[in-house]
Amino acid sequence: MGSRWQMEKKHDPYYKKAKKEDYRSRASYKIKQLDKKFKLIKEGDTVVDLGAAPGGWSQVALEKVGEEGLVIGVDLNRIKPFPEENFHGIRGDFTTTEVQEKVMNLIGGKAKVVISDASPSLCGIKNIDQLRSIDLTNTVIGIADNILEPKGNLVMKVFQGPEYKDMLTRLKKKYRQVKTTKPPSSRKKSSEMYVVGLDFKPKKNKKSKD
Ligand SMILES: C[S@@+](CC[C@H](N)C(=O)[O-])C[C@H]1O[C@@H](n2cnc3c(N)ncnc32)[C@H](O)[C@@H]1O
């Protein structure tokens with residue numbers, strides 16, 4: 001007999017749709033729905049996908065950016081290559097400087113969109129899991145601070161916890177619009193939310209006095 005998830009997924013409409021439409025994961029529909037609502041990704045954009053395996057979000061990003069764009073996917077797990085030459089997969093931990101430098105080199109400095117569906121590995125102890133989740137969220141926000149072009153967009157998965165409100169307040173200082181949403185394809189019982197930052201306002205460098 002299969003696991004409960006195996007049984008559930010047989011009846012999951014997005015799982016079936018992904019199989020039928022040849023998407024790598026049911027999560028593809030989350031980024032499709034988020035993009036439809038917020039117009040995040042445009043043709044020709046450079047998109048960085050943090051926590052990308054098996055590649056469902058990158059696949060949608062590739063469709064959106066077309067041949068002129070670029071998609072970089074990063075994950076601890078291997079991302080099976082795409083036929084498109086404008087996709088680069090990096091296997092590694094995006095919280096490390098080494099991997100962040102690899103991303104910077106591939107994009108030549110700046111990206112138009114950062115997308116992240118990354119989930120920390122959970123141990124089941126609520127306080128620890130919440131801290132891991134906050135750390136990962138803060139890393140994604142920090143990477144976006146470093147690589148987003150002015151007016152760039154960010155979308156990331158977050159799990160609501162004690163620092164959720166503070167995180168939104170901080171984001172509102174960095175993006176002209178900040179929205180929180182749960183796309184229809186996100187399971188109702190999951191505590192995940194998606195935070196969207198539109199129109200990034202990079203910090204101006206203070207002029208040195210000498
Ligand atoms: C829900 S999956 C992403 C699914 C993906 N959006 C898709 O549509 O196929 C979350 C991913 O985040 C990755 N992840 C979590 N922490 C990471 C880290 N520090 N560095 C790289 N990848 C990470 C996990 O390995 C996992 O593959």
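Start by selecting Lys157: with a relative accessible area of 10%, Lys157 counts as buried (buried is under 20% relative accessible area, exposed over 50%, and partly exposed in between, with a 1.4 Å probe and protein chains only). Before you go on, note that this is a predicted model, where local features need pLDDT of at least 70 and side-chain atom pairs count only at pLDDT 80 or more, while totals for chains, interfaces and linings use all residues. Residues are numbered from 1 along each chain as its sequence is written, and side-chain values use heavy atoms, with hydrogens and water left out.

**Stop 1**

Lys157 carries the UniProt annotation "active site" (UniProt positions are in the numbering used here, feature names are shortened, and annotations may be inferred rather than shown by experiment). Colour strand 5, residues 148–159, and you'll find Lys157 in it (strands are DSSP runs of E with at least two residues, helices are runs of H or I with at least four, and both are numbered from the N terminus). Now show what touches Lys157, leaving aside neighbours within four places in sequence: Ser116, Asp117, Ala118, Ser119, Thr137, Glu192, Met193 and Tyr194 (contact means heavy atoms within 4.5 Å).

**Stop 2: Asp117**

Which side chains make polar contacts with the side chain of Asp117? One is Lys157, at 3.1 Å, and another is Tyr194, at 2.7 Å. (A polar contact is a pair of N or O atoms within 3.5 Å; within protein, one must be able to donate a hydrogen and the other to accept it, and residues adjacent in sequence count only if both atoms are side-chain atoms.)

Asp117 sits in the loop between strand 4 (111–116) and helix 6 (126–147). Its relative accessible area is 14%, so Asp117 is buried. Beyond four places in sequence, the contacts of Asp117 include Ala27, Leu50, Gly51 and Trp57.

**Stop 3: the annotated binding site**

Next, select Gly55, Trp57, Asp75, Asp93 and Asp117, which UniProt annotates as "binding site". Of these, Asp75, Asp93 and Asp117 are among the lining of the largest pocket. (The search runs on a 1 Å grid over the protein atoms alone: a cavity is a set of points where a 1.4 Å probe fits but cannot get out, a pocket is an open set with protein on both sides within 12 Å along at least five of seven lines, and lining residues have an atom within 4 Å of a point.)

Click on Gly55, in the loop between strand 1 (46–50) and helix 4 (56–65). Is Gly55 buried or exposed? Gly55 counts as buried because its relative accessibility is 0%. Away from its sequence neighbours within four places, Gly55 is in contact with Arg24, Ile79 and Phe82.

Then hop to Asp93, in the loop between strand 3 (87–91) and helix 5 (97–107). Asp93 has 32% relative accessibility, so this one is partly exposed.

**Stop 4: the ligand**

Bring up the ligand and the 21 residues around it; Ser25, Gly56, Asp75, Asp93 and Asp117 come nearest (a residue is near a molecule or strand if one of its heavy atoms lies within 4 Å of it). Look for backbone N or O atoms: one of Pro54 lies 3.3 Å from a ligand oxygen, and one of Gly55 lies 3.1 Å from a ligand oxygen. From Asn77, a polar side-chain atom is 3.4 Å from an oxygen atom of the ligand. The protein covers 86% of the 610 Å² of accessible area that the ligand has on its own (accessible areas come from the Shrake-Rupley method with a 1.4 Å probe, and for residues only the protein chains shown count as cover).

**Stop 5**

Most residues other than glycine have a negative phi, and most peptide bonds are trans. Zoom in on Ala53 to Pro54, though, and the peptide bond is cis, with omega near 5°; Pro54 belongs to the loop between strand 1 and helix 4. Asp22 has a positive phi, near 65°, in the loop between helix 2 (13–21) and helix 3 (28–38). Back in strand 5, Lys151 has a positive phi too, near 70°. Asp22 is exposed at 62% relative accessibility, and Lys151 is exposed at 55%.

**Last stop: helix 3**

Finish with the buried residues of helix 3: Ser28, Tyr29, Lys30, Ile31, Leu34, Asp35 and Phe38. Among the elements that cover them are helix 2, helix 4, strand 4 and strand 5.
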